[in-house]
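Reader: I've got a model open on my screen and I'd like to learn how to read it. Could you walk me through it?

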Protein chains: 2
Amino acid sequence: MRWTEAKRGILTAEGKPDINVATPPDFGGHEGVWSPEDLFVAAVNGCIMTTFLYYRAKEDIELVSYSSTAEGNLHYGEEGLVFTLVRVKPEVVVASDSDRKKAEQAIQRAESACLVSKSLHTEVIVEPQIQVAREQGRASEA
Amino acid sequence: MRWTEAKRGILTAEGKPDINVATPPDFGGHEGVWSPEDLFVAAVNGCIMTTFLYYRAKEDIELVSYSSTAEGNLHYGEEGLVFTLVRVKPEVVVASDSDRKKAEQAIQRAESACLVSKSLHTEVIVEPQIQVAREQGRASEA
């Protein structure tokens, strides 16, 4: 990566799109730019998804959609400011009841196998919502 | 974030540019896309920079350039695959000898204060190279 100006820089990796990064606004930085703190939370969120997708392929789960929000909690303790918790909330839609059971297991396995989570002091909590496509249809008609 | 297809998804955050993410090629994923593992290393790399920039502003260091590479080491242990080490190599160019001394301290302080590093199990090693602009000129003439 390289610094550009003020509290901004550009993350580069060969053959991959550049990512602008900056100190977050709360710490005297810039709006509208990913911060290292955002990337930390995003790495966890992404790792839960890609690890889930590994088990999805292995267990042949018919996946309709997967979206997920993630939020980090910061706490000022003895060591200064650290992330104490990342909460990940995947919303998973699958094709059938049998897929639903397999998806529940796959999310649990992703929670314990995600290599980014395992590399953290921070606690990671995964709170999935798993629905079957036709139920989702009924729910939105309700 | 949301899954798009295969082992890919899109990270979104309100008011910030989308980032495509995918399982890395080594784990059966895709080339040319940031992986959660990349973002983990990038979060550390970025945090060392933004924390340095905090001390830079505080100590009024005249900074000419800052660029930094970072590399993560994975190890397969009892818990499965985890990051055991992230090595960050900042190359810092400052205007004068007095800036150099301040920059050395600022990097050390960034190493211990970076909130992303402090949130990891993974060891983070920072190996800075700090030069004064005119020396850098001499070095490139040599």
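**Disulfides and the interface**

Author: Let's start with the torsion about the S-S bond of Cys47(B) and Cys114(B): it is about 135°, so this disulfide is right-handed. A disulfide is taken here as a pair of cysteine sulfur atoms within 2.5 Å. The S to S distance of Cys47(B) and Cys114(B) is 2.5 Å. Before we go on, this is a predicted model, where local features need pLDDT of at least 70, side-chain atom pairs count only at pLDDT 80 or more, and totals for chains, interfaces and linings use all residues. Residues are numbered from 1 along each chain as its sequence is written, chains are lettered from A and ligands numbered from 1 in the order in which they are written, and side-chain values use heavy atoms, with hydrogens and water left out.

Reader: Which parts of chain B does the pair Cys47(B) and Cys114(B) tie together?

Author: In general, a disulfide is a covalent bond between the sulfur atoms of two cysteines. Here Cys47(B) sits in helix α1 (residues 36–59) of chain B and Cys114(B) in the loop between α2 (97–113) and α3 (115–118), so the pair ties together parts that are 67 residues apart in sequence. Helices (H or I, at least four residues) and strands (E, at least two) are DSSP runs, numbered from the N terminus.

Reader: Is Cys47(B) buried or exposed?

Author: Go by relative accessible area: under 20% is buried, over 50% exposed, and in between partly exposed (1.4 Å probe, protein chains only). Cys47(B) has 1%, so it is buried. Cys114(B), at 0%, counts as buried too.

Reader: How many disulfides does the structure hold over all chains?

Author: Two. In chain A, Cys47(A) and Cys114(A) form a disulfide with their sulfur atoms 2.5 Å apart. The S-S torsion of Cys47(A) and Cys114(A) is about 135°, so that disulfide is right-handed. Both Cys47(A) and Cys114(A) are buried.

Reader: How many residues of chain B are in contact with chain A?

Author: Contact means heavy atoms within 4.5 Å. By that rule, 55 residues of chain B touch 54 residues of chain A. For buried area, take the accessible area (1.4 Å probe) that two parts lose on being put together, summed over both. Between chain B and chain A that comes to about 4,600 Å², with carbon and sulfur atoms giving 68%. In chain B, Met1(B), Trp3(B) and Trp34(B) lose the most area to chain A, together 17% of what that side buries.

Reader: How many salt bridges does the rule find across the interface of chain B and chain A?

Author: Look for a side-chain nitrogen of Lys or Arg within 4 Å of a carboxyl oxygen of Asp or Glu. The rule finds two across this interface. One of them joins Lys16(A) to Asp38(B), with the closest N and O atoms 2.6 Å apart. On the chain B side that touches chain A, α1(B) gives the largest share, 16 residues.

Reader: And backbone angles: which residue other than glycine has a positive phi?

Author: Ala6(A) is one, with phi near 50°. You'll find Ala6(A) in the loop between β1 (2–5) and β2 (8–13) of chain A, and it is partly exposed, with a relative accessible area of 36%. Asp60(A) also has a positive phi, near 55°. Asp60(A) lies in the loop between α1 and β4 (63–77) of chain A and, at 62% relative accessibility, counts as exposed.
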